[in-house]
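Subject: Structure handover

Hello,

Here is the structure I said I would pass on. Please open it beside this note and follow along.

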Amino acid sequence: MLRSIVLGAAILGLASLGSAATNLLVDPSFESPLTFDGPPFIGSWEGFSGSPNASAANSTVSPRSGAGHVALAILGDDNSFAGLFQDVLVPGGAPVTFSGWHRTPSTALGVATEMRIEWRNATSEVGRTPNLLTLPGSAYSEFSLTANAPANADRGRFVYAIQTFGGEPNPGNNGTVYLDDFSVVVLPEPTSIALVAPALVGMLRRTRR
């Protein structure tokens, strides 16, 4: 009986290393208005667009959860873009996962999508991930990007954008994408698990005696 209890505690202990991650984003479900006022970029979502017919805006048309979401749109403009980002403080060297949910109401999506992390310190960009090019479907689906922060970074800029510079799945330079329920989490490092696991194994061995 005691061994079963200890085994259960060991399993829960290891599981908690992966489940204890906290979403570091402010307003992950886009219930508050986007800002367009420049830095600082920590603590809110900053929207951007590259032409009069490109936009990033709050919407209540099709939330995945809560009352709001964001709609990104480009209406017929070639070589344009729209998107949003938020800066989050992260420890240098840590593995970080950026994820969220997206869908498109466009029957023939004529824009390309890009998700990326731009690694920064207080003064400049020190690296970035390749763009994740996962396209949305008609129903909300999840995208996910995991990367290690460089040792000389102390924050990440988490970006989702649409663009018409190339790679669009359909012609026309037209399309709308809805976004909701974004997340940024710092994952437990393998060294943390390696330190905890032997202690739990030791507990199991002691119960056998």
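How many bridges pair strand β4 with β9, and in which sense? Nine bridges, in the antiparallel sense, with β4 covering residues 81-89. Strands pair here if DSSP finds at least two bridges between them. Helices (H or I, at least four residues) and strands (E, at least two) are DSSP runs, numbered from the N terminus.

Two notes before the rest. This is a predicted model: local features need pLDDT of at least 70, side-chain atom pairs count only at pLDDT 80 or more, and totals for chains, interfaces and linings use all residues. Residues are numbered from 1 along each chain as its sequence is written, and side-chain values use heavy atoms, with hydrogens and water left out.

**The sheet with β9**

Five strands make an open sheet, ordered β1-β4-β9-β6-β7, with antiparallel pairing. β1 (46-49) and β7 (125-128) are at the edges; each has a single partner strand, so one side of each lacks a neighbour in the sheet. From one strand to the next, the twist averages 25 degrees. Axes for such angles are lines fitted to C-alpha atoms, and angles run from 0 to 180 degrees between N-to-C directions.

On to β9 itself. Nine bridges join β6 (residues 112-120) to β9 (residues 155-163), and the two run antiparallel. A161 in β9 has E114 opposite. G83 also stands opposite A161. Y160 in β9 faces M115 across the pairing, standing opposite that residue.

Is β9 mostly covered or mostly open? Mostly covered: nine of its nine residues are buried. Buried means under 20% relative accessible area, exposed over 50%, and partly exposed in between (1.4 Å probe, protein chains only). In a regular strand, side chains alternate between the two faces of the sheet. In β9 both faces are covered, with R155, R157, V159, A161 and Q163 on one side and G156, F158, Y160 and I162 on the other.

**The other sheet**

Another open sheet of five strands has the order β2-β3-β10-β5-β8, again with antiparallel pairing. Its edge strands are β2 (54-59) and β8 (141-148), each pairing on one side only. The twist here averages 30 degrees from one strand to the next. Six bridges join β2 to β3 (residues 69-75). A57 stands opposite A71 in β3.

**The core**

The largest nonpolar core has 32 residues. Such a core is a set of buried Ala, Val, Leu, Ile, Met, Phe, Trp, Tyr and Cys residues joined through side-chain atoms within 4.5 Å. L84, F98, W119, Y160, I162, L179 and F182 have the most contacts inside it. β10 (174-186) is among the elements that give two or more residues to this core. β10 gives the most, with four residues. L84 touches residues including F30, W45, F158 and Y160 (contact means heavy atoms within 4.5 Å).

**Aromatic rings**

The whole structure has 13 aromatic pairs. Rings of Phe, Tyr and Trp (its six-membered ring) pair if their centres lie within 6.5 Å; planes under 30 degrees apart count as stacked, over 60 as edge-to-face and the rest as tilted. The F30 and W45 rings have centres 5.0 Å apart and planes at 45 degrees, so this pair is tilted. F30 is buried at 1% relative accessibility, and W45 is buried at 2%.

Best wishes

How values were computed:
Lists of a residue's contacts leave out its neighbours within four places in sequence.
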